[in-house]
Amino acid sequence: RLELFEPDVTLVDQGFKEFKRLAPSVGVRLGYYPLRVFGVEGEAGVMPTRIAADDQRATLWGMRVSFVGQLPLWSVTPFVLVGGGMLNVASGRAAVGNDVDAAIHFGGGVKVFINRHALLRLDIRDHVTAGQGVDDGVIHSPEILLGASFTLGRNKGKPAAPGDRDGDGILDPDDAC
């Protein structure tokens, strides 16, 4: 029911066709967290799918930006997010053609740290986009994402002072350990 098709008045329903209900998604996300509790993320993804009625190929893809609020607790970090972007389709005219629609999204999830630089992440989101027709309002499309993340550029903490190999603040000649 998405308004994600290239309208053509010579076609039945102007070229609207339903996509299959489920589509795998592969993407990449980059985040910047200036504070432990707040960050900004940008992501792009691609979802190869097919038209439900005649099994023609279509590729859905999107780009979005999210504002993330998180509560860092030990190795488990719950978070919420909200953002916007665009949802696109690329296919032959016989399928649905090409189209770009604005979208907003919101949701939440949890990050589980494996170690200081790697984590697993589960997101549950709702995407809100335009409906098929002018009077159809908006469409809610739920999304579940499972991913692995790797932290780059994280500082290891304060470096040890010269003559203090264990970094405890006591110089080696006076240190009993």
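Me: Hi! What should I know about the model before I look at details?
Reply: It is a predicted model, where local features need pLDDT of at least 70, side-chain atom pairs count only at pLDDT 80 or more, and totals for chains, interfaces and linings use all residues. Residues are numbered from 1 along each chain as its sequence is written, and side-chain values use heavy atoms, with hydrogens and water left out.

Me: Great. How do strands E3 and E4 pair?
Reply: Strand E3 (residues 57–70) and strand E4 (residues 76–90) are antiparallel, with 12 bridges between them. Strands here are DSSP runs of E with at least two residues, helices are runs of H or I with at least four, and both are numbered from the N terminus. Two strands pair if DSSP finds at least two bridges between them.

Me: Which residues in E4 are the bridge partners of Gln70 and Arg64?
Reply: For Gln70 the partner in E4 is Phe79, and for Arg64 the partner in E4 is Gly85.

Me: What's in the hairpin of E3 and E4?
Reply: Five residues sit between the two strands, and Trp74 in this hairpin has a positive phi near 40 degrees.

Me: What about E2 and E3?
Reply: E2 and E3 pair in the antiparallel sense too, over 13 bridges. Thr49 has Ala58 in E3 as its bridge partner. The hairpin of E2 and E3 has six residues between the strands, and Asp55 in the turn takes a positive phi of about 60 degrees.

Me: Which way do the side chains along E3 point?
Reply: They alternate. Buried means under 20% relative accessible area, exposed means over 50%, and partly exposed is in between (1.4 Å probe, protein chains only).

Me: Switching topic: which residues make the nonpolar surface patch?
Reply: Leu35, Val37, Phe38, Val65, Phe67, Val82 and Phe106 make a patch of about 600 Å². Patches are made of residues with over 30% relative accessible area and no salt bridge, joining like charges within 9 Å and nonpolar side chains (Val, Leu, Ile, Met, Phe, Trp, Tyr) within 5 Å. Accessible areas come from the Shrake-Rupley method with a 1.4 Å probe, and for residues only the protein chains shown count as cover.

Me: Where is Val82, and what is its relative accessible area?
Reply: Val82 is in strand E4, and it is partly exposed at 46% relative accessible area.

Me: Now Glu41. Is it buried or exposed?
Reply: Glu41 is buried, with a relative accessible area of 3%. It lies in strand E2 (residues 38–50).

Me: What does Glu41 touch?
Reply: Leaving out residues up to four places away in sequence, its contacts include Arg29, Tyr33, Arg64, Lys111 and Arg121. Contact means heavy atoms within 4.5 Å. Its side chain also makes a polar contact of 2.5 Å with the side chain of Tyr33. A polar contact is a pair of N or O atoms within 3.5 Å; within protein, one must be able to donate a hydrogen and the other to accept it, and residues adjacent in sequence count only if both atoms are side-chain atoms.

Me: Which salt bridge does Glu41 make with Arg121?
Reply: The side chains of Arg121 and Glu41 meet at 2.8 Å, N to O. Arg121 is in strand E6 and Glu41 in strand E2, 80 residues apart. A salt bridge is a side-chain nitrogen of Lys or Arg within 4 Å of a carboxyl oxygen of Asp or Glu.

Me: How many salt bridges are there by this rule?
Reply: The count comes to 13 salt bridges. One of them joins Arg29 and Glu43, whose closest N and O atoms are 3.3 Å apart. Arg29 lies in strand E1 (residues 26–35) and Glu43 in strand E2, so this pair ties together parts that are 14 residues apart in sequence.
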